[in-house]
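My notes follow in the order I took them.

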Amino acid sequence: MSESVSFRSGVSGRYATALFSIAVEDKKLDTLEKDLNKLRQIFFEASGSLQSLIVSPLHRRTEQEKAMRLVADKIKLSINTANLLALMARKRRLNLIPQLISDLAYLLEEQRGEMRVEVVSATALTKKQQGNLESTLEKLVGKKIKLGVQVNKAVIGGLIVKLGSRMIDSTVRSKLLKLQNIMKEVN
């Protein structure tokens, strides 16, 4: 719940909501999802010159808008997405593109009744463990779970599960820290 409140209050959230609403109204959610995948690919794998164009205040708004129109044309974005990128360039908001991509993904997942869950573990989870975790979480939240798993050796043991704005930390490290705090209180 708190994730959706903070989501709507951000500038990128308002842009994402506007674009998403237009796609729903025009019955073009599939097109929006294709645009989202293209944006992910180009902006997360962007060259240094494109990154510079996005974040540098040295480029004029008109240069940024022209560049965004060229990028949109090159990767064949829908007119609504292309217009949004041009608007963001005119308003000097291109630095919000990574958050816009995340916000659009969130809206599309919500529309499909899905939820992205990030899991951090000390070792790679087997397919069976991932399946068990997905089914348990689906029962917990009542949505289809899209699991993202990362391995971090610093976790030692256990899992860190991020469900929207909630985080469940069952790692050995967190348990040791709790025990340490309890022991400090005793002294």
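**Salt bridges**

I began with E109, which forms a salt bridge with R116; their closest N and O atoms are 3.0 Å apart. I count a salt bridge when a side-chain nitrogen of Lys or Arg is within 4 Å of a carboxyl oxygen of Asp or Glu. This is a predicted model, where local features need pLDDT of at least 70 and side-chain atom pairs count only at pLDDT 80 or more, while totals for chains, interfaces and linings use all residues. Residues are numbered from 1 along each chain as its sequence is written, and side-chain values use heavy atoms, with hydrogens and water left out.

Next I checked cover. I use buried for under 20% relative accessible area, exposed for over 50%, and partly exposed for in between (1.4 Å probe, protein chains only). E109 is buried because its relative accessible area is 6%. R116 has 35%, so I list R116 as partly exposed.

I then looked up E110. It forms a salt bridge with K143, with the closest N and O atoms 2.7 Å apart. E110 sits in helix α7 (residues 97–111) and K143 in the loop between α8 (127–141) and β2 (144–151), so this pair ties together parts 33 residues apart in sequence. Helices (H or I, at least four residues) and strands (E, at least two) are DSSP runs, numbered from the N terminus. E110 is partly exposed at 34% relative accessible area, and K143 is partly exposed at 26%.

K146 is in strand β2 and E114 in strand β1 (residues 114–121), so I noted a link between distant parts of the chain, 32 residues apart. K146 is partly exposed at 29%. E114 is buried at 15%. Shared partners join E33, R112, E114 and K146 into one salt-bridge network. My count by this rule came to nine salt bridges.

**Helix α5**

Does the length of α5 agree or disagree with 1.5 Å a residue? The 14 residues of α5 (residues 61–74) should span 20 Å, and the end C-alpha atoms are 20 Å apart, which agrees. The expected span is 1.5 Å times one less than the number of residues.

I listed Q64, E65, A67, M68, V71 and A72 as buried in α5. They lie on the same side of α5 because they cover an arc of only 165° around the axis. That arc is taken from the directions from the helix axis to the C-beta atoms. An α-helix has 3.6 residues a turn, so residues three or four places apart point the same way. On the other side of α5, I found T62, K66, L70, D73 and K74 exposed. Just after α5, K76 takes a positive phi of about 60°.

**Nonpolar core**

I looked up the largest nonpolar core: it has 32 residues, and F43, M68, M88 and I97 have the most contacts inside it. A core here is a set of buried Ala, Val, Leu, Ile, Met, Phe, Trp, Tyr and Cys residues joined through side-chain atoms within 4.5 Å. The elements giving two or more residues are α2 (11–25), α3 (29–44), α4 (48–55), α5, α6 (79–90) and α7. α7 gives the most, with seven residues.
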